[in-house]
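These notes are meant for a colleague who is opening this structure for the first time. Please read them with the model on screen and follow each point in turn.

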Amino acid sequence: MTTLDLIEPATEKVLNTVAVTEPTELDDIVSRAALAQQRWAAQRPEDRAHVLAAVAREIEENLEDLARIEARNVGMPINDARGAVAGAASTFRYYSAAPERLLGQTIPVAGGVDMTFREPIGVVGLITPWNFPLTIASWKVAPALAAGNAVLLKPAELTPLSTLRLAELARRAGLPEDLFHVLVGSGTTIGRRMVEHPGIGKIAFTGSTAVGKDIARRAAENITRVTLELGGKSASIVFADADLDAAAQGLAGGVFGNSGQDCCARSRVFVQRAALEPFLEKLHAVVDDIVVGDPLAEDTQMGPLVSANQAARVQDYVQDAPVLFQGSAPAGPGFWFPPTVLYPLDDDHRAAREEIFGPVVAVLPFDTEDEAVARANGTVYGLAGSIWTANAARSLRVARQVAAGALAINSYTSVRITTPFGGFKQSGLGRELGPDALDAYTEVKNVFFNTVGP
Ligand code: NAD
């Protein structure tokens, strides 16, 4: 049996050892999932709804345990991890309403009745990243099961623990055997085999744009459906009339949360030149106050980066960029990196252009609204963004012009369980969460019923 040692980012010690799924096991896992899916789709909608609501309750009853797993495996501050677990429970509860509400249409046609059905896809492959493992697992598993599918989920090899626990809790809640299987292993072995497997009808992937492109290419072979939630280099645009205290606080939340390992991180901040100095002053004070340390300590606001590789990658971006100021970070052991503000730098500096995925923000001054919009859009990405201004008309005008899937006005939040989430351009394809996720896990079937009979 092959095993994988998991390293705790805050201590650099082995946290746990897990068994790896051998690629040779995949055919059997897919066959069993296909059988389980047929039985699941045939169950009464209210029974499926009941099981999903029970999963939500199990998650809530094990909130502290799951939060500690996430905090230790990812390095996420414990309070953020509790929020993530509560969010996962809410996601299951939200989609527990879906089995009884998967509505079709009747469409006027000549000679009969035309109706549509939302059919499950069958066996769905889910591939998740290491930054928000339980959160992103719930975004995919809950709607996929609600729509009547079976799911095979491959978590990132660095952080599989909360997903493994979720599968156990789902079984305990009454989810039938073989309907939700976790595959542990690397992307290039088991992940790639999932994408290429003809028995898997859809891949829902969250991760980097580079891997998303590889998945789209390989999925094309069997016309396997794909949803891709990919990288970002999102912008905050701070106008001179904004509440600068709120903008500086919001900026910190929007880029240093989860140590910047957030696809929605607003890692470019465009600040109108008239407000640049006071904004930087306020930002400096906010950065100085960020408590970086042990993820299990109640007052910690920022933990370590997830791995030595990630810390080296972030350092590589920062070492050839102009650092204006940095916050604090523990000395080690642990993969620590201080909150870091870069200024001045050009838009085409690689630290202002590429996704760093660490607690690093580039401050970029601008003069006019049109210029801010054009520069915010000067990226291959289009995931999220924020607009900070007291001018309501301008806020909505700019929000409509920024090419991104999740925008917030005078706020840094990107995600709500009940609303669609996804990217423009190279940040992705398709939408998760809200009602849209159910479209992503169903096929529309059209049936014509001839009423011009004998
Ligand atoms: P990654 O792309 O390296 O890996 C993501 C997952 O894909 C992992 O489970 C990995 O094992 C698997 N994988 C890797 N190569 C594969 C292949 N060839 N075929 C199939 N699977 C493969 O990403 P990561 O480093 O884990 O996460 C960071 C990235 O994820 C960042 O780019 C971030 O922006 C992105 N992300 C996006 C969202 C979003 O919703 N848009 C959310 C979180 C993270």
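This is a predicted model: local features need pLDDT of at least 70, side-chain atom pairs count only at pLDDT 80 or more; totals for chains, interfaces and linings use all residues.

1. The side chain of arginine 225 meets that of glutamate 443 in a salt bridge, with a distance of 2.5 Å from N to O. This pair links distant parts of the chain, because arginine 225 belongs to strand 9 (residues 225-229) and glutamate 443 to strand 18 (residues 442-450), 218 residues apart. Glutamate 443 is likewise partly exposed, its relative accessible area being 30%.

2. How many salt bridges does a search of the whole structure find? The search gives 28, and the background to such pairs is that side chains of opposite charge can pair when their charged atoms come close. One of these salt bridges joins arginine 192 to aspartate 214, at 3.8 Å from N to O. Arginine 192 sits in helix 7 (residues 187-196) and aspartate 214 in helix 8 (residues 209-219), so the pair ties together parts that are 22 residues apart in sequence. Arginine 192 itself is partly exposed, at 28% relative accessibility.

3. A further salt bridge connects glutamate 46 with arginine 44, and here the closest N and O atoms are 3.6 Å apart. Both partners count as partly exposed, glutamate 46 at 35% relative accessibility and arginine 44 with a relative accessible area of 48%.

4. The open sheet deserves a careful look, as its 7 strands follow the order 12-13-14-11-10-15-16 and their pairing is mixed. At its edges are strand 12 (323-326) and strand 16 (406-409), each of which pairs on one side only. From one strand to the next, the twist averages 20°. Within this sheet, strand 10 (residues 235-238) and strand 15 (residues 384-388) pair in the parallel sense over 4 bridges, and alanine 235 has glycine 385 in strand 15 as its bridge partner.

5. Which strands does helix 9 touch where it packs on the sheet? Helix 9 (residues 244-256) touches strand 10, strand 11 (268-272), strand 13 (340-342), strand 14 (360-366) and strand 15, and its direction makes about 140° with that of strand 14. Helix 13 (residues 369-376) lies across strand 10, strand 11 and strand 14, and runs at about 145° to strand 14.

6. Serine 386, which lies in strand 15, is buried, because its relative accessible area of 2% falls under the 20% limit. Its side chain makes a polar contact with the side chain of arginine 266 at 3.0 Å, and the side chain of serine 386 also reaches the backbone oxygen of serine 411 at 2.7 Å. Leaving aside neighbours within four places in sequence, the residues in contact with serine 386 include Ala235, Ser236 and Ile237, as well as Leu407, Ala408 and Tyr412.

7. Helix 3 (residues 63-74) and helix 6 (residues 161-172) have axes that come within 9 Å and cross at roughly 160°. Helix 3 is therefore roughly antiparallel to helix 6, the angle being over 145 degrees. Where the two meet, helix 3 contributes Asp65, Leu66, Ile69, Glu70 and Asn73, while helix 6 contributes Leu161, Ser162, Arg165 and Leu169.

8. Is glutamate 8 buried or exposed? Although glutamate 8 lies in the loop between strand 1 (3-7) and strand 2 (14-19), it counts as buried, at 8% relative accessibility. The side chain of glutamate 8 makes a polar contact with the side chain of arginine 72 at 2.9 Å. Not counting residues up to four places away in sequence, glutamate 8 touches Lys13, Leu15 and Arg72.

9. Apart from residues up to four places away in sequence, glutamate 177 touches Ala36 and Arg171. The C-alpha atoms of glutamate 177 and serine 234 are separated by 41 Å, and these two residues are 57 residues apart along the chain.

Terms used. Residues are numbered from 1 along each chain as its sequence is written. Side-chain values use heavy atoms; hydrogens and water are left out. Buried means under 20% relative accessible area, exposed over 50%, partly exposed in between (1.4 Å probe, protein chains only). A polar contact is a pair of N or O atoms within 3.5 Å; within protein, one must be able to donate a hydrogen and the other to accept it, and residues adjacent in sequence count only if both atoms are side-chain atoms. Contact means heavy atoms within 4.5 Å. A salt bridge is a side-chain nitrogen of Lys or Arg within 4 Å of a carboxyl oxygen of Asp or Glu. Two strands pair if DSSP finds at least two bridges between them. Axes are lines fitted to C-alpha atoms, for helices over the stretch in contact, and angles run from 0 to 180 degrees between N-to-C directions. Angles under 35 degrees count as roughly parallel, over 145 as roughly antiparallel, 65 to 115 as roughly perpendicular and the rest as oblique.
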